[in-house]
Amino acid sequence: MPNRPQRKEIPDEIGRPRSLDSGPEAFDRMGGDGSPLFLGLGPEPGKLAEWFPETAAGADFLECPEIEAALGPDFANAIPPNFRRLDPQALDPQRLRRDQVFWFRQGMRLQPGFWGPVWARLGLALGGAGPQAATVWLPGDDGALLLRELARAFEGLGFPVRRIPDDTNLIPELLRQERPALYFSVNFKGLDPVGETFHLLRQAGTRVAVWCVDNPFHLLTRIKSLFWTQALLLVTDRWFVEPLRRLGAEQVVHLPLAADPGFSGEGPLPAQAQGLEDRLVFVGRSAFPDKDDFFAGARCAPENLAQAGSLLAQGTRPHFGWWLKRLGIDKPWPGNLVRAAGLGADQSGLAWRTLCLRLAGPALTVFGDPGWERLLPGADLRPPVDYYGGLAAVYRHAACALNVTGLLLPSGLTQRHFDVWTAGGFLLTDANPGLDIFPQELARAVSFAGPGNLPGLFERFATDSAEKRDLARQWREVLAAGHTYAHRAEAVLKAAGLDRVPV
């Protein structure tokens, strides 16, 4: 039985070893019926004329320098002498439509930083593109949080919004209709891991922005190329700005969550939310969706968890950054190693939330998933409340609403920091460093350093008083003056350069 040919292996753009495909089936034929043009030669250029007889008389080609260098001198010597090397700038749209293009399919997975712009130029040349429009595209499904708020905010600033599915296969067809000014992705929704969509949008003249509402390094474990470093990155927690820049991000902007003036608590209370007038309510999950799957390969050493617990008892936050140092993770991307730090921070955050909720006192009511039953035995636990279907009324009718911040974001705020006040409620929160975006006298008045301080703070504000009404009014004024989604959309447009450049 003949031995199977050994496939060549080279590193891809982020250093992962990749076995190379070969043979005529490794190429896609595109373009017209003109002169042959190879975009990538594959690992065996000496066999191309055999596989594609129409190229025996010669062909033009473009090859990625990194791939060519990795394959070594044997590869260069095997390139047929009648093949003519091209500069990428020679690939104008007319030529890409006219020539018979042989596209080495795997090139995009190997070196997307080089082949991405080429692929995008080819795609636009063959598929066409509509006129430039002063629109914003928001990818995501109908149930996605924040998209309604963002759509209203951008439209209020004169940028019509188009809500689109996050299916990246639809982007070429959508671009034939129009080329938007901004493609705004929440948590990399609507962007593929390699960056084909990103490069296609950028080639079309569209600015791509990604708002990392969750931990950016968790989100980046899905991303397999460097394209993200060229996008406009927005982070809700400023702690991540410098670590992302050290990994090559060209533009990172701190963009906290915000208040939506339409989040009104004047609607009816859900059936499970009656009798809240003297209650301290907490609304939240015991774990984020698909947590077990996300952390499937990660482990927390008991001694690390014990040390984190000791810090919590001392009033110190063993947040995600602490776990990175504890585990010696100097480079949190590429790869999944960073999820070990995330698991530690998540477990520490759960311990912190549980401790605060256990010590909150008998007036506590928790709206959340069944996971709280094990963590808070005997507590007043009620079914979840839909965000757009009654949550605002819960905040408005409760004596106070409680926020306990997780530790996956070292200094990130939650939506509660904005929603409770906007809905007409009164918020008590742990003393998160991210509160420094607000006037400190207001933050100090409603925050507690340790769980032992929470019962006294709730007792102070459990009933109506002039002080309570005045603080609530000041918080609503501060949010309305500088922390709405309209303010955030304005900051995005400025960072993207769209407030200065007419479309």
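The structure holds 0 disulfides, a disulfide being a pair of cysteine sulfur atoms within 2.5 Å. The sulfur of C300 lies 19 Å from the closest cysteine sulfur, that of C356, and this is too far for a bond. C212 is buried, at a relative accessible area of 2%. Buried here means under 20% relative accessible area, exposed means over 50%, and partly exposed lies in between (1.4 Å probe, protein chains only).

The model is predicted: local features need pLDDT of at least 70, side-chain atom pairs count only at pLDDT 80 or more, and totals for chains, interfaces and linings use all residues. Residues are numbered from 1 along each chain as its sequence is written, and side-chain values use heavy atoms, with hydrogens and water left out.

The protein chain comprises 21 helices and 19 strands. These elements are DSSP runs numbered from the N terminus, with helices (H or I) of at least four residues and strands (E) of at least two. Along the principal axes, the C-alpha atoms fill a box of roughly 90 × 55 × 35 Å. Of the 503 residues in the protein chain, 54% are buried. Contact means heavy atoms within 4.5 Å. Among contacts in the protein chain with a separation of 6 or more, 71% come from residues 24 or more positions apart.

In soluble globular proteins, nonpolar side chains tend to be buried together. A nonpolar core is defined as a set of buried Ala, Val, Leu, Ile, Met, Phe, Trp, Tyr and Cys residues joined through side-chain atoms within 4.5 Å. The largest such core has 89 residues. L150, F154, L182, F184 and W211 have the most contacts inside it. Leaving aside neighbours within four places in sequence, L150 touches L138, F184, V186, W211 and Y485. A second, separate core has 52 residues, including A120, L247, A298 and L409.

Strand β8 (residues 132-139) is mostly covered, with 6 of its 8 residues buried. Strands count as paired if DSSP finds at least two bridges between them. β8 runs parallel to β10, joined by 4 bridges. In this pairing, A133 stands opposite P180 of β10. β8 also runs parallel to β9 (residues 161-164), again through 4 bridges. Here V136 stands opposite V161 of β9.

E178 sits in the loop between α7 (171-177) and β10 (179-186). Its relative accessibility is 14%, so E178 counts as buried. The side chains of E178 and W137 are joined by a polar contact of 2.7 Å. A polar contact is a pair of N or O atoms within 3.5 Å; within protein, one must be able to donate a hydrogen and the other to accept it, and residues adjacent in sequence count only if both atoms are side-chain atoms. Beyond four places in sequence, E178 is in contact with G130, P131, A133, T135, W137 and R162.

An open sheet of 6 strands shows parallel pairing in the order β16-β15-β14-β17-β18-β19. Its edge strands, β16 (380-382) and β19 (447-448), each pair on one side only. Strand β15 (residues 364-367) is joined to β16 by 3 bridges, and the two run parallel. The bridge partner of F367 in β16 is R382. Helix α19 (residues 454-461) lies across β14 (280-283), β17 (400-403), β18 (427-430) and β19. Helix α19 runs at about 165 degrees to β18. Axes are lines fitted to C-alpha atoms, for helices over the stretch in contact, and angles run from 0 to 180 degrees between N-to-C directions.
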